[in-house]
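Here is a short report on one protein model.

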Amino acid sequence: MTDRTAPRSFLGALTGGLVRAPELRTDDDRSASRLELFFDLAFVLVLAELAIDFRADVTWRGELVFAGLFTVVWWSWVSSTLYANRFDHDDVVYRLLKLGSMAAVVGMAATATEATGTYFGIFVGCNLVLRAMLLLQYLRAYRHLSGARPIARLYLIGTTLGALLWAVSLAVPRPIGFALWAAAVLAEVLVPLLATRSSADVPLHVEHLPERFGLFVILVLGESVAGIAHGLHDAHWTGSGLLVAALGFVLAAALWWSYFDLAGARAKQLLSEVGGERSDHSHDVYVFGQLPLTLALATVGAGLELAVVQSGEGEVPTGTRLVLAGGVVVYLLSVTVTEVGMSKQGARRGWWWPAVAAAVAAVDVVLELPAAVVVGALAAVVVTVVVVGLAERATGRMGVEEV
């Protein structure tokens with residue numbers, strides 16, 4: 001689907017095809033590339049650093065800082081993924097730009113724990129590099145693909161505006177700078193929403209998209225597993241720490257099962273059935289529904305490590321238990337809201353599950369339950385979600401086919 005009227009570059013002729021014009025990748029069968037998987041490794045580092053910082057400040061302020069920085073990091077990953085979803089053609093220039101973006105993400109990881117303090121400027125600089133790499137990619141698409149120019153133009157405008165806001169944040173007081181970060185992300189977030197309503201025939205690849213988001217969920221869930229291992233080590237394998245770790249692993253495994261066999265599978269089916277191959281509002285619901293979902297899973301991961309360590313040391317504070325319960329509630333609520341938004345139909349039992357998890361949190365606040373009881377109850381809720389969901393799928397009542 002490359003624009004054949006574009007002249008072949010002299011450099012492309014010299015390099016024997018190593019440098020090629022971008023092309024649309026929305027019609028052929030494809031999966032995540034090795035470069036995309038390599039790129040994701042840098043985000044593992046950022047997520048781990050953000051979790052470290054959050055565990056050091058389990059307060060409302062700490063949660064807000066964690067959520068804000070997580071959103072910035074998540075959007076950096078999404079913006080790169082949306083470009084690759086349409087235009088990944090894997091030539092040398094694309095690889096170099098992608099690796100340049102990865103280097104910027106590594107810089108974000110090295111500054112994440114002090115992004116709002118000592119390393120404010122460096123963190124902003126890394127985000128500016130990310131946007132510069134993305135601008136160069138969309139400029140290539142704009143130059144070589146005439147049919148994609150309306151979409152590429154939108155992304156060029158949004159990314160440029162976002163970069164300007166990030167740059168200005170360096171010259172203003174910190175509170176205003178943080179507001180400019182939020183404005184920058186918001187300006188860029190509006191672009192895919194506008195692209196959905198554009199008449200340009202530049203669809204998203206509905207097979208590649210859910211696979212990429214599924215891989216990001218794996219990265220976030222990996223923090224839960226790592227957190228349990230680190231917590232068990234720091235708790236010195238005490239009996240209470242081991243019990244919470246075991247129950248936490250059941251919870252993490254159930255969250256994985258619920259996403260990949262139920263929530264993720266259902267969303268993938270709806271992307272094909274409701275959205276089809278052209279951009280549709282269901283794509284927007286799916287993409288942006290992943291933010292609270294993955295943030296919730298990241299919060300659970302941070303809370304699990306704390307719960308295991310603190311169980312080994314004695315009493316687990318209420319804040320830690322609420323982090324775990326709140327993460328599960330938001331995850332289950334995100335799954336339900338996303339499905340309802342994509343299918344335009346009411347979820348069958350979806351609303352019950354976050355309500356039950358919230359009830360666990362409420363009982364804990366009143367009775368100050370032991371951490372093992374809270375983690376065990378949350379694990380039981382998610383396991384029940386999985387069992388009921390699999391039973392409904394087996395009988396055809398859930399509407400999810402094998403994927």
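**Overall make-up**

This is a predicted model. The protein has 13 helices and zero strands. Read from the N terminus, the order of elements is α-α-α-α-α-α-α-α-α-α-α-α-α. The protein has 403 residues, and 53% of them are buried. Its accessible surface comes to about 17200 Å². Carbon and sulfur atoms account for 67% of that surface.

The table sets out the geometry of two pairs.

| Helix pair | Residues | Axes come within | Crossing angle |
|---|---|---|---|
| H2 and H10 | 34-55 and 281-313 | 10 Å | roughly 55° |
| H6 and H7 | 149-168 and 174-196 | 8 Å | roughly 175° |

Take H6 and H7 to begin with. Their axes cross at roughly 175°, so H6 is roughly antiparallel to H7. The cut-off for that label is an angle over 145 degrees. On the H6 side, the contact includes Ile151, Leu154, Tyr155, Gly158, Leu161 and Trp166. On the H7 side, Leu180, Trp181, Ala184, Glu188, Val191 and Pro192 are among the residues involved. By class, the residues of this contact divide into 17 nonpolar, three polar and one charged.

Now H2 and H10. Which way do these two helices lie to each other? Their axes cross at roughly 55°, and H2 and H10 are therefore oblique to each other. The crossing of H2 past H10 is right-handed. H2 brings Ala51, Phe54 and Arg55 to the contact. H10 brings Thr299, Ala302, Glu305 and Leu306. The residues of this contact divide into four nonpolar, one polar and two charged.

**A residue on H2**

Leu45 also belongs to helix H2. Is Leu45 buried, partly exposed or exposed? Its relative accessibility is 45%, so Leu45 counts as partly exposed. The cut-offs matter here: buried means under 20%, and exposed means over 50%.

Where does Leu45 sit relative to Gly107? The two are 62 residues apart in sequence. In space, their C-alpha atoms are 9.9 Å apart.

**In short**

The protein is built from 13 helices with zero strands. H6 runs roughly antiparallel to H7, whereas H2 and H10 are oblique to each other. Leu45 of H2 is partly exposed.

Technical notes
Residues are numbered from 1 along each chain as its sequence is written. This is a predicted model: local features need pLDDT of at least 70, side-chain atom pairs count only at pLDDT 80 or more; totals for chains, interfaces and linings use all residues. Side-chain values use heavy atoms; hydrogens and water are left out. Helices (H or I, at least four residues) and strands (E, at least two) are DSSP runs, numbered from the N terminus. Buried means under 20% relative accessible area, exposed over 50%, partly exposed in between (1.4 Å probe, protein chains only). Accessible areas come from the Shrake-Rupley method with a 1.4 Å probe; for residues, only the protein chains shown count as cover. Axes are lines fitted to C-alpha atoms, for helices over the stretch in contact, and angles run from 0 to 180 degrees between N-to-C directions. Angles under 35 degrees count as roughly parallel, over 145 as roughly antiparallel, 65 to 115 as roughly perpendicular and the rest as oblique. A crossing is left-handed if the near helix is turned anticlockwise from the far one by less than a right angle, and right-handed if clockwise. Contact means heavy atoms within 4.5 Å. Ala, Val, Leu, Ile, Met, Phe, Trp, Tyr, Cys and Pro count as nonpolar, Asp, Glu, Lys and Arg as charged, and the others, Gly among them, as polar.
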